[in-house]
Amino acid sequence: MDTVFLSVSELLARLGTRHWPIVVDVRRPPAFDADANMIAGALRCAPDAIAELAGRVSPATEAVCYCAHGGDVSRGAAEHLYALGHAA
């Protein structure tokens, strides 16, 4: 498994550069619905729809997934994207 974890500061350091990844909000629906905030420019994708998202974005573009707690949900989504041939 070759997914990489980025800290917030590492992600922000890429802001405005050609290394800015696609940011994907994969919070489960209850967590997403309970919070009016999300990262500006992020794509919304329910965790169970990650394969559909993979078909719509270039595998060459790095994807960074985030969830409510930064644990299993985002890690699972990134691993699924990686398994489908995406940089995640």
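Patches are made of residues with over 30% relative accessible area and no salt bridge, with like charges joined within 9 Å and nonpolar side chains (Val, Leu, Ile, Met, Phe, Trp, Tyr) within 5 Å. This is a predicted model, in which local features need pLDDT of at least 70 and side-chain atom pairs count only at pLDDT 80 or more, while totals for chains, interfaces and linings use all residues. Residues are numbered from 1 along each chain as its sequence is written, and side-chain values use heavy atoms, with hydrogens and water left out.

**View 1. A nonpolar surface patch includes Trp20.** Val8, Leu12, Leu15 and Trp20 make a patch of about 400 Å²; accessible areas come from the Shrake-Rupley method with a 1.4 Å probe, and for residues only the protein chains shown count as cover. Trp20 lies in the loop between helix 1 (8–13) and strand 1 (22–25). Helices (H or I, at least four residues) and strands (E, at least two) are DSSP runs, numbered from the N terminus.

**View 2. A salt bridge joins Arg14 and Glu62.** A salt bridge is a side-chain nitrogen of Lys or Arg within 4 Å of a carboxyl oxygen of Asp or Glu, and the structure holds 5 of them. Between Arg14 and Glu62 the N to O distance is 2.4 Å. The pair links distant parts of the chain, 48 residues apart: Arg14 is in the loop between helix 1 and strand 1, and Glu62 is in the loop between helix 3 (50–54) and strand 3 (63–66). Arg14 is partly exposed, at 22% relative accessible area, and Glu62 is partly exposed at 23% (buried means under 20%, exposed over 50%, partly exposed in between; 1.4 Å probe, protein chains only).

**View 3. Asp25, Arg27, Asp35 and Arg44 are linked in a network of salt bridges.** The side chains of Arg44 and Asp25 meet at 3.6 Å, N to O. Arg44 lies in strand 2 (residues 43–44) and Asp25 in strand 1, so this pair ties together parts 19 residues apart in sequence. Asp25 is buried at 0% relative accessibility, whereas Arg44 is partly exposed at 28%. The charged end of Arg44 also sits over the ring of Phe32, 4.0 Å from its centre (NZ of Lys or CZ of Arg within 6 Å of the ring centre and within 35 degrees of the ring normal).

**View 4. Arg75 forms a salt bridge with Asp72.** Their closest N and O atoms are 3.0 Å apart. Arg75 and Asp72 are 3 residues apart in helix 4, so about one helical turn separates them. Arg75 is partly exposed at 31%, and Asp72 is exposed at 60%.
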